[in-house]
Amino acid sequence: MSEKILITGGNGLVGSALAEVYTPPPDQMGEFENKNIIRVGSAEYNLINKSEVNLMFMNHRPKKVIHAAARVGGLGSNMKYKGEYFYDNLMMNANVIDQARIWGVKKLVAFLTTCAFPAEVEYPLDHTKIHLGEPHESNFGYAYAKRMAEVQIRAYREQYRSLKYSCVIPTNIYGPNDNFSLEHGHVVPMLIHKLYKAQRDGTDFTVWGSGKPLREFIFSRDVAKLTQWVLDKYEGEAPLILSTSDEITIEHLVDLLVKEFKFKGKVKFDSSKPDGQYRKPSDNSLIKDLVPAFKFTPIEEGIKETVQWLKENYDEARW
């Protein structure tokens, strides 16, 4: 019998992709469900509350954990709620990692973010540079909370030698079942939603900033497949950057979306709004060395699938 795996943030973007990756095809299994995969969301347990996290582990008794839960948002949300983002994410991480230790979980993968890296640092980003300076001022609350998960795991590995806990650092994840909120969503889902509404309502498509900043995007199913490998195979100490290491401008991303929607209206870039950090290129050589045969989903294919998912699930999508 397979080991029981607990996924926090189980109903979110990464959790949904992980459920898909861990579910065998119908011809191999009579049900569209893997009963050894336990996905939990905020409606079931408040991970900020230590007692509820203890209850979660007591109820499910997992052998492995993927900690993907977080309070996340886009640039505007991060700037507006810095204190809340710091506290909520700090407590979630501290509680889940510590209770996993208490309940005898030997393998755990926690999600960090490239936002945790310093704003002023020599590029490309790699795992040795996480703590070399202040994160960008636009999201320092969220960034510092995420950094502390890496510190906690490093400290626990040194004190509790049997624990094989590790961190992954994905670049900008996108895909089906994302949070498409216009206020709290990340750049890809937020832009998809804005463009959906602009096309539906016959209005202009307005994008924050100049469109010049560069970002690296990775499809959620790719993140799920790599995370599965990390949980099963990786026992190293170094955090693993999950990235294609391919940069595109926000303007290019907008062009891809406009093409996919076949949008005929006017596209405006509002340069009075902040751009955020200009670029943060990453070094994905470590994960490529470890999983050399892995093929990343081209962004054109990932965007097509994500847009189609929103069109088909608009009324049920998360905002």
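1. Let's start with Asn46, which is partly exposed, with a relative accessible area of 33%. Here buried means under 20% relative accessible area, exposed over 50%, and partly exposed in between (1.4 Å probe, protein chains only). Asn46 sits in the loop between strand S2 (37–40) and helix H2 (50–60). Helices (H or I, at least four residues) and strands (E, at least two) are DSSP runs, numbered from the N terminus.

2. Before going on, please note that this is a predicted model, where local features need pLDDT of at least 70 and side-chain atom pairs count only at pLDDT 80 or more, while totals for chains, interfaces and linings use all residues. Residues are numbered from 1 along each chain as its sequence is written, and side-chain values use heavy atoms, with hydrogens and water left out.

3. What does Asn46 touch, leaving aside its neighbours within four places in sequence? Asn46 is in contact with Glu52 and Val53, where contact means heavy atoms within 4.5 Å. The side chain of Asn46 also reaches the backbone nitrogen of Ile48 at 3.1 Å. Between the C-alpha atoms of Asn46 and Met56, ten residues apart along the chain, the separation is 9.4 Å.

4. Now look at Thr227 in helix H7 (residues 220–233). Is Thr227 buried or exposed? Thr227 is buried, as its relative accessible area is 0%. Not counting residues up to four places away in sequence, Thr227 touches Leu18, Ile66, Val109, Phe111 and Leu242.

5. Next, a helix pair: the axes of H6 (residues 187–201) and H8 (residues 250–261) come within 11 Å and cross at roughly 45°. Axes are lines fitted to C-alpha atoms, for helices over the stretch in contact, and angles run from 0 to 180 degrees between N-to-C directions. H6 and H8 are therefore oblique to each other; angles under 35 degrees count as roughly parallel, over 145 as roughly antiparallel, 65 to 115 as roughly perpendicular and the rest as oblique. Residues of H6, including Leu191 and Tyr196, meet residues of H8, among them Leu253 and Phe261. By class, the contact of H6 with H8 has twelve nonpolar residues, one polar and no charged. Ala, Val, Leu, Ile, Met, Phe, Trp, Tyr, Cys and Pro count as nonpolar, Asp, Glu, Lys and Arg as charged, and the others, Gly among them, as polar.

6. Finally, the axes of H8 and H10 (residues 299–313) come within 10 Å and cross at roughly 55°, and H8 and H10 are therefore oblique to each other. The contact includes Leu257 and Glu260 of H8, and Ile303 and Lys304 of H10. The contact of H8 with H10 divides into seven nonpolar, no polar and four charged residues.

Technical notes: Polar contact = N/O pair within 3.5 Å; in protein donor to acceptor, adjacent residues only side chain to side chain.
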